[in-house]
Amino acid sequence: MDDFGCIFFDVEMRKDDEYPALVGVLVDEEFTITCLEEGLRPAAKHAGLEVVNPHEFFTALLLKAEEEDRALVAYTLHEFEILEKIFDENSDENKHLLDILHRRYVNANARKWFRKHYRESYDMIEQREQQRGRRSRYRRQNGNIRMGLNLLLQIPEVAYPGADEAGRGSPANTLRDVRDHLNRKGPTYDSLTATVKRKWTNLLKYLRHDVEGMAHIYRFIQEREAQWADMMGAQGRRRG
């Protein structure tokens, strides 16, 4: 498994949902979004998204990782825990899928890495958000700043081209609004108001940045680690 042979993925869902509503996947520079919720079919169809049963989708994803010798990369352990719940241990097939998950899952959370290696830039972003006080979207109730993916993408050295757009919107609220309109006003895309339609479009952009931004940071780290290793090797050879 190499860093460019990974499957990067991220899901969107509300806190109390049993299954994800959407999943974004990046493989070999090709990004796709799949809808995993039948009730969202009208909105998904309008966006050109395939609608697939979540168990079926993640079975195929895990088998792809195994057959093609790829790592399954997501940001934090959230997706790992979701897949563990989807595939209980009541069948031999599920045991096989869980084995793949445990061997191939990679947690790409990079907060500690950036805090260690790019401390000045890390602190600059964190202090900027602290100065915004309650206006910061990343402020916790205790006043600390949640230095998640979207803020790490704003570190100058990372140079992510979509940094200004990443993290805009509220996926959970958008899913609530789209579901509410489809349930109350009829199962068609036209039943959504212009505002909800815009939120839906922005949710798909949000998911894309989550996945592509994560892949950008993952590669950034791999490249820097390789460069530093080469430098250390060259220094060792000169001393020898």
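This passage walks through the overall build of the protein chain and then turns to its aromatic pairs.

The model described here is predicted. Nine helices and six strands make up the secondary structure of the protein chain. Along the principal axes, its C-alpha atoms fill a box of roughly 75 × 50 × 30 Å. Of the 240 residues in the chain, 47% are buried. When contacts between residues at least 6 apart in sequence are considered, 66% of them join residues at least 24 apart. The chain exposes about 13400 Å², with carbon and sulfur atoms supplying 44% of that area.

A pair of aromatic rings is described by the distance of the centres and the angle of the planes. The count comes to eleven aromatic pairs. One of them joins F8 and Y218: the ring centres are 5.5 Å apart and the planes stand at 75°, so the pair is edge-to-face. Because F8 belongs to strand β1 (residues 7–12) and Y218 to helix α9 (residues 194–239), this pair ties together parts that are 210 residues apart in sequence. F8 is buried, at 0% relative accessibility, and Y218 also counts as buried, at 14%.

W113 and F114 form another edge-to-face pair, with 5.0 Å from centre to centre and 80° between the planes. W113 has a relative accessibility of 14% and so counts as buried, while F114 is buried with a relative accessible area of 0%. Together with Y118, F220 and W228, the residues W113 and F114 form one aromatic cluster.

Note on methods:
Residues numbered from 1 in each chain as written. Predicted model: local features only at pLDDT ≥ 70, side-chain atom pairs only at ≥ 80, totals over all residues. Heavy atoms only, no water. Helix = DSSP H or I, 4+ residues; strand = E, 2+ residues; numbered from the N terminus. Buried < 20%, exposed > 50% of the residue type's maximum accessible area, 1.4 Å probe, protein only. Contact = heavy atoms within 4.5 Å. Areas by Shrake-Rupley, 256 points an atom, 1.4 Å probe, with all protein chains shown as cover. Phe/Tyr/Trp six-rings, centres within 6.5 Å; stacked < 30°, edge-to-face > 60°.
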